[in-house]
Amino acid sequence: MRVLTVNPGSSSVKLALLDADDEVLVHAELPTGGVEREAERVLALVARMPRPDAVGIRFVHGGRDYTRPVVVDDEVTKNLLTLTDLAPLHQPMSLYALGEMRRALPDVPVVACFDTAFHAGLPSAAATYALPEEWRERFGIRRYGFHGLSFAHASRRAAGLLGRPRRMVVCHLGAGASLAAVLDGRSVDTTMGFTPLEGLVMATRAGSVDPGIPMWLLRHGVPAEEIDDALEHRSGLRALDGTGDMRELRRRAASGDETAEAALDVYHHSLRKCVAAMAASLGGLDALVFTGGVGEHDAAARARLASDLAFLGVRIDAVPNENAHGDAVLSPAGGEVGVAVVGAREDLEIAAGTRAALAG
């Protein structure tokens, strides 16, 4: 089955046509908002490529109802629309892509694949917020977790590279970033929560903050809409140094910009603290895995985190870390904790989920 995968992310929208053996026949990547702003280009590309047998689209949030890939019909579309306010950066993009694909390929089945599905089996202790039961039941408030398609591929691939470690922390580091504690291939904890706002400091999101801060701002006259916009678009690294681009931030820090250096300190403090928390949820650490744009390409970030986590037995070799391209092992032979970098291949997970859903 030939599958067209559509992956709207925080910083780009990726399209890939995979054949029955998962070889990539066509690949395209557009900047953030590209599906909507460049709809004509996307549809022209689809018209030129070999006709797919199915389309798989990444959806960040599946809510309580969707814990595995699902064939999309009008009812599913309506249900997905109700989840938009839980993932306002991503869900509208995925819904827009869904509409365009159904119009461009009306006779081709479309499958929605969910980032939250990988975390659907979180232990109750990890998934439950200590909030009133009425809220939890009425609104479905729980820890959902995200980046599940990336975590699923990275954890499986890293297991092969590192000799099948049991306790693994996977770091998806990009414009959006989160961690997963993976035990024997299953997610048992993760840093993002009910929405993608919780957890690590990210490009434009603050990560975990005192929930009293938004309430205090509301009581002091700051509109809810302004708070919402700030938490999604004007916080994180952008709030600390004016840019959410890690490459630019490192360039500024290297030139002696103290504000950029301070922003990196905040970022790495959040990262090492959260990795240690995930290791605690696992009862120890056998492997540390990097994926995502920053995780794959920022050797300095990997080296600094390894140094910060030396107390957990994490070590990496400088040469393979600096030269890593694609999937690679970074830890020394016989190291206490295996360390690997894995290329993000959410397209493979989307294609597999699409085939599984259509097979029934």
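This is a predicted model: local features need pLDDT of at least 70, side-chain atom pairs count only at pLDDT 80 or more; totals for chains, interfaces and linings use all residues.
1. On the helix 11 side the contact involves M246, L249, R250, R252 and A253, while helix 12 brings A260, E261, A263, L264, Y267 and H268. Sorted by class, the residues of this contact of helix 11 with helix 12 are seven nonpolar, one polar and three charged.

2. Helix 11 covers residues 246–254 and helix 12 covers residues 258–282; their axes are 8 Å apart and the packing angle is about 125 degrees. The two count as oblique to each other, because an angle is called roughly perpendicular from 65 to 115 degrees and roughly antiparallel over 145.

3. Helix 12 also packs against helix 14 (residues 299–308), where the axes come within 10 Å and cross at roughly 55 degrees. With that angle helix 12 is oblique to helix 14. Here the crossing is right-handed. Helix 12 supplies L264, D265, H268, L271, R272 and V275 to the contact, and helix 14 supplies A301, R304, L305 and D308. In terms of class, the contact of helix 12 with helix 14 holds five nonpolar, one polar and four charged residues. If you have both contacts displayed, look at L264 and H268: they take part in the contact with helix 11 and in the contact with helix 14.

4. Next, helix 7 (148–162) and helix 16 (residues 346–359), whose axes come within 8 Å and cross at roughly 105 degrees. Helix 7 and helix 16 are therefore roughly perpendicular to each other. The meeting residues are L149, S150, A152, H153 and R156 in helix 7 and E346, L348, E349 and I350 in helix 16. By class, the contact of helix 7 with helix 16 comes to four nonpolar, two polar and three charged residues.

5. On to the rings. How many aromatic pairs does the count come to? The count is three. Y66 and F114 make a stacked pair, with 5.4 Å from centre to centre and 10 degrees between the planes. Y66 sits in the loop between strand 4 (54–59) and strand 5 (70–71), and F114 belongs to strand 6 (residues 110–114), so this pair ties together parts that are 48 residues apart in sequence. Y66 and F114 are both buried. Ring pairs also bring in F59, giving a cluster of F59, Y66 and F114.

6. Y144 and F194 form a tilted pair, because their ring centres are 6.0 Å apart and their planes stand at 35 degrees. Y144 is in the loop between helix 6 (133–139) and helix 7, and F194 is in the loop between strand 9 (186–190) and helix 8 (212–219), so the pair links parts that are 50 residues apart in sequence. Y144 has 6% relative accessibility and counts as buried.

7. G338 is worth a click. This glycine is found in strand 12 (residues 338–341) and is buried, its relative accessible area being 14%. Although G338 and P165 are 173 residues apart along the chain, their C-alpha atoms are separated by 8.0 Å. With neighbours within four places in sequence left aside, G338 is in contact with L162, D286, A287, L288 and S331.

8. A175 has its place in the loop between strand 7 (167–173) and strand 8 (177–183), and at 31% relative accessibility A175 counts as partly exposed.

9. Most residues other than glycine have a negative phi. D22, however, has a positive phi, near 65 degrees. D22 lies in the loop between strand 2 (12–18) and strand 3 (24–31) and is partly exposed, at 27% relative accessibility. R164 likewise has a positive phi, near 60 degrees. R164 lies in the loop between helix 7 and strand 7, and with 61% relative accessibility R164 counts as exposed.

Technical notes:
Residues are numbered from 1 along each chain as its sequence is written. Side-chain values use heavy atoms; hydrogens and water are left out. Axes are lines fitted to C-alpha atoms, for helices over the stretch in contact, and angles run from 0 to 180 degrees between N-to-C directions. Helices (H or I, at least four residues) and strands (E, at least two) are DSSP runs, numbered from the N terminus. Angles under 35 degrees count as roughly parallel, over 145 as roughly antiparallel, 65 to 115 as roughly perpendicular and the rest as oblique. Contact means heavy atoms within 4.5 Å. Ala, Val, Leu, Ile, Met, Phe, Trp, Tyr, Cys and Pro count as nonpolar, Asp, Glu, Lys and Arg as charged, and the others, Gly among them, as polar. A crossing is left-handed if the near helix is turned anticlockwise from the far one by less than a right angle, and right-handed if clockwise. Rings of Phe, Tyr and Trp (its six-membered ring) pair if their centres lie within 6.5 Å; planes under 30 degrees apart count as stacked, over 60 as edge-to-face and the rest as tilted. Buried means under 20% relative accessible area, exposed over 50%, partly exposed in between (1.4 Å probe, protein chains only).
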